[in-house]
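Please look over the sequence and the structure shown below before reading on. The report then takes up surface, core, chains and domains in turn.

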Amino acid sequence: MAKIKSIEDLRKVAKEHRDSIELLVRENDPDGFVIVKVAMATCSIAAGAKEIFDLISEHIEKRGINAIVTKTGCMSYCYAEPTVEVTLPGKEPIVFGDVDVFKADEIIEKYIKNGEILEGIIPLNYRTAESI
Amino acid sequence: MVNKTQIRIALRNCGLINPERIEEYISEKGYMALGKVLTEMSQEEAVNIIIDSGLRGRGGAGFPTGIKWDYARKSVSDQKYVVCNADEGDPGAFMDRSILEGDPHSVLEAMAICGYCIGADKGLVYIRAEYPLAIERLNIAITQAREFGLLGDDIMGSGFSFDIEIRYGAGAFVCGEETALIHSMEGERGEPSLKPPFPAESGYLGKPTNVNNVETLANIPVIYLKGADWFSGIGTEKSKGTKVFALAGKVNNVGLIEVPMGTTLREVIYEIGGGIREGKKFKAVQTGGPSGGCLTEKHLDTPIDYDNLIANGSMMGSGGMIVMDEDNCMVSIAKFYLDFTVEESCGKCAPCRIGNKRLNELLGRICEGKGTEADLDRLRNLGEVIKDTSLCGLGQSSPNPVLSTLDNFYDEYISHVRDKKCPSGVCKDLMEYFIIEENCVGCTACARACPVGAITGERKEPHLINPEICIMCGACMEKCKFDAVILK
């Protein structure tokens, strides 16, 4: 990695990163590429997030879905851990709570494959610094 | 309706980016603030922005961050240090861990900015060893930042060099106090020392040191990106920005929340927290952990900020917020926190070491039904003496849970000492097992289960428990199939 020497370089790294995701989407499946994030803070992992992360990663591949599965820190919904955020192409991200093995399967089969709305969606309950 | 009371500043990237990839942080304008400060601002200008923003320390005491930086900047020395206080120790508080696990680069970036502002080239993160995942992610973040040239020599060609190391704490509560923290980092016992000298003059290894809490630091980059005015436009007159709380206890939606200063407890508990569990009645909310106090129904509409909480006998603390319902006994709650303080007192000064121990014993006696009304006066007097005479913040605030429950729930204390009753049914020693006549069918199961023969009664007739003999083991209640045995 070349060292960042200026604000311009920072912008470049940011752009390259965004482009790499876009490229991933374009090359794989422009209409169906899915982004899955699993909250993996200590407490999420204690609630079972690691198993859910492994399971979703495995099944996404097995079932031939074009997606990236990535981990994040705390999504802040302690009452509903483990939590999983799914972004379908062209849609707003949706967070599912209390995800166990069955729920994970349902998310893949029903929401990711067919866009079918499931129970257990956590409504977005905050504004970001950018929006105010 | 979607509630949008919350505003995410410190938690802006938490749960959204992969904390183990620096590119994701950079994509969210990460390290832009550092770039801006290094290329466009003098040290003084950069410090003034933080002063103007009105940001105050999020670790507990609420000291203005910019002023702290300015003291350290003005100290003359060949070597200065920036320390991140990640020794989060309040029971029930986890916001610092969440930030470090979810967005470690925001803290590293802020430390580098602080380094530039005060003229330090070395940063240290003091973190408890019991946060292994936070440590792992911090290490990954530090390595990546070095690879990208965002830590190390001559950052962005500015001539400014800064690097960060991690120091591990053993998880002592008192080491969150900045002088104790510094002693611990030096390899000394984790005991506080008298201020002055303040760390800004003489801190780590006797050099000027600026200590800031994790959440405080996480706010810094955004202030440079959005401006001091933007930041000071959020919050109340004397408390700017937002505060992260670990909302726990008897609310439906326990979680990590970030609200603008000045949000009311009612909004937090009922709108964000979704109200009290099982439709029970709200009783109190404990803020500030072992240093804080309990607020009640009458405080529900008080805007939460540093000064209002102190005026009402509690404090911001690091941001633990534990909600209690009618089933919580306030005397037991006070005792819970005192147990913690007694355990965590470093023992250096007598008021804290001995005073808290005596305070805890008094509470123990009250919970056992051996307290008197004179004990309540003793509690208050002793509590006030400990507050006034302790060496550091731990002792100066440790009686708060006792004093605030005395203020707000005096009736409950009176029930314990005068009537020898615990209205919430928590203090075991103040309760008796009792058989409800109507429910008892006289099956004799309880009498046979009782190991001390405290239960008498004829077959098919209601039984009776003799409280003089009863040892409160609960065997009768377990055996009864007719819900006839109750505890009251």
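## Surface patch

Patches are made of residues with over 30% relative accessible area and no salt bridge, where like charges are joined within 9 Å and nonpolar side chains (Val, Leu, Ile, Met, Phe, Trp, Tyr) within 5 Å. A salt bridge, in turn, is a side-chain nitrogen of Lys or Arg within 4 Å of a carboxyl oxygen of Asp or Glu, and accessible areas come from the Shrake-Rupley method with a 1.4 Å probe, with only the protein chains shown counting as cover for residues. In this predicted model, F63(B), I67(B) and Y71(B) make a nonpolar surface patch of about 290 Å².

I67(B) belongs to helix α4 of chain B, which covers residues 65–74; helices (H or I, at least four residues) and strands (E, at least two) are DSSP runs, numbered from the N terminus. I67(B) counts as partly exposed because its relative accessibility is 33%, given that buried means under 20% relative accessible area, exposed over 50%, and partly exposed in between (1.4 Å probe, protein chains only).

## Basis of the model

This is a predicted model in which local features need pLDDT of at least 70 and side-chain atom pairs count only at pLDDT 80 or more, while totals for chains, interfaces and linings use all residues. Residues are numbered from 1 along each chain as its sequence is written, chains are lettered from A and ligands numbered from 1 in the order in which they are written, and side-chain values use heavy atoms, with hydrogens and water left out.

## Nonpolar core

A nonpolar core is a set of buried Ala, Val, Leu, Ile, Met, Phe, Trp, Tyr and Cys residues joined through side-chain atoms within 4.5 Å. The largest one has 81 residues, of which I26(B), Y31(B), W69(B), I127(B), L150(B) and Y224(B) touch the most other members. Helix α6 of chain B, residues 104–118, gives the most to this core, with 10 residues.

With residues up to four places away in sequence left out, I26(B) touches I4(A), L10(A), V13(A) and A14(A) in chain A, as well as Y31(B), F148(B) and L150(B) in chain B; contact here means heavy atoms within 4.5 Å.

## Chain A

Chain A has 4 helices and 6 strands, and from the N terminus on its elements run α-β-α-α-β-β-β-α-β-β. Its C-alpha trace spans about 50 × 30 × 30 Å along the principal axes, and 42% of its 132 residues count as buried.

Domain bounds come from an automatic or database domain assignment, and for chain A they give domain 1 (1–30) and domain 2 (31–131). The contact between these domains takes 5 residues from domain 1 of chain A and 5 residues from domain 2 of chain A, and their C-alpha centres lie 24 Å apart.

## Chain B

Chain B has 20 helices and 14 strands, and its C-alpha atoms fill a box of roughly 95 × 50 × 40 Å along the principal axes. Of its 488 residues, 59% count as buried. The chain is divided into domain 1 (22–232), domain 2 (242–325), domain 3 (330–419) and domain 4 (432–487), and the C-alpha centres of domain 1 and domain 4 of chain B lie 62 Å apart.

K488(B) lies in the segment after β14 (485–487) of chain B. Apart from neighbours within four places in sequence, K488(B) is in contact with K421(B), L430(B), M431(B), E432(B) and F434(B).
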